[in-house]
Amino acid sequence: MQRAIELSIESVKNGGGPFGAVIVKDGKIIAEASNSVTKDNDPTAHAEINAIRIAAKKLNTFNLSGCEIYTSCEPCPMCLGAIYWARIDKIYYANTREDAKNIGFDDSFIYDEISKPINKRAIPTIQIMREEALKAFKDWQEKDDKIEY
């Protein structure tokens, strides 16, 4: 956790957001990253996402089971989803989402949006061309050599 906190402090000094994350496997840091949203002009470049990308590339797998993540702040909904998709075993965090909200990083509206019916969300979401899109799902379902994830 100390390294994740150091990364968050360094990130502020270097023009990034105040967040850092490290991924550990077998007691060793295999990936570390900070928030680079504004530096990279990438809204997905949160510390946890950046660390997951580095760890997956280093381990040459999308499945990070056996790993733990240490993050300087409770993960936002996007990062939490990525952590679950990566199958990371455990999350350790320092600052809370309320601490983040107090300095202008308020994710509560996203948590609220997720629980709303699609037709009640702030961003209009309209389903179209489902029948055409189902072809890819059917092809996937019938594919013999697929790599499940």
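# A first look around this predicted model

Read along the sequence, this predicted model follows the pattern α-β-β-α-α-β-α-β-α-α-α.

User: What box do the C-alpha atoms fill, and what share of the residues count as buried?

Analyst: Taken along the principal axes, the C-alpha atoms fill a box of roughly 50 × 40 × 25 Å. The chain has 149 residues, and the share of them that count as buried is 30%.

User: How do helix 3 and helix 4 run relative to each other: roughly parallel or roughly antiparallel?

Analyst: Two packed helices are described by the angle between their axes and the distance between the axes. Here helix 3 (residues 47-59) and helix 4 (residues 77-86) pack at about 25 degrees, with axes 9 Å apart. Angles under 35 degrees count as roughly parallel, so helix 3 and helix 4 are roughly parallel.

User: And which hand does the crossing of helix 3 and helix 4 have, left or right?

Analyst: We're still with the pair whose axes lie 9 Å apart. Where helix 3 passes helix 4, the crossing is left-handed.

User: How many salt bridges does a search of the whole structure find?

Analyst: Side chains of opposite charge can pair when their charged atoms come close. One of the pairs here is K138 with E142, whose closest N and O atoms are 3.0 Å apart. Searching the whole structure, the number of salt bridges found is 10.

User: About how many helical turns separate K138 and E142?

Analyst: Both K138 and E142 sit in helix 7, 4 residues apart. K138 is partly exposed at 46% relative accessible area, and E142 is partly exposed too, at 48%. The spacing of 4 residues in helix 7 means that K138 and E142 are separated by about one helical turn.

User: Which residues are linked with R3 in a network of salt bridges?

Analyst: Start with R3 and E6, which form a salt bridge with closest N and O atoms 3.3 Å apart. They are 3 residues apart in helix 1 (residues 2-13), so about one helical turn separates them. R3 is partly exposed at 24%, and E6 is partly exposed at 32%. In the network, R3 is linked with E6, E10 and E32.

User: R97 and E74 meet in a salt bridge as well; which of the two counts as buried?

Analyst: The side chains of R97 and E74 meet at 3.1 Å, N to O. This pair links distant parts of the chain, 23 residues apart: R97 is in helix 5 (residues 97-102), while E74 is in the loop between strand 3 (67-73) and helix 4. R97 has 35% relative accessibility, so it counts as partly exposed. Buried means under 20%, so at 18% the residue that counts as buried is E74.

User: Which residues make the nonpolar surface patch, and is I147 buried or exposed?

Analyst: The patch covers about 660 Å² and is made by F62, W85, W140, I147 and Y149. I147 lies in the segment after helix 7 (130-142). Exposed means over 50% relative accessible area, so I147, at 59%, is exposed.

Methods. Residues numbered from 1 in each chain as written. Predicted model: local features only at pLDDT ≥ 70, side-chain atom pairs only at ≥ 80, totals over all residues. Heavy atoms only, no water. Patch = residues over 30% accessible without salt bridge, like charges linked within 9 Å, V, L, I, M, F, W, Y side chains within 5 Å. Areas by Shrake-Rupley, 256 points an atom, 1.4 Å probe, with all protein chains shown as cover. Salt bridge = Lys/Arg side-chain N within 4 Å of Asp/Glu carboxyl O. Helix = DSSP H or I, 4+ residues; strand = E, 2+ residues; numbered from the N terminus. Buried < 20%, exposed > 50% of the residue type's maximum accessible area, 1.4 Å probe, protein only. Axes fitted to C-alpha atoms, helices over the stretch in contact; angles between N-to-C directions. Parallel < 35°, antiparallel > 145°, perpendicular 65-115°, else oblique. Left-handed = near helix turned anticlockwise from the far one by under 90°.
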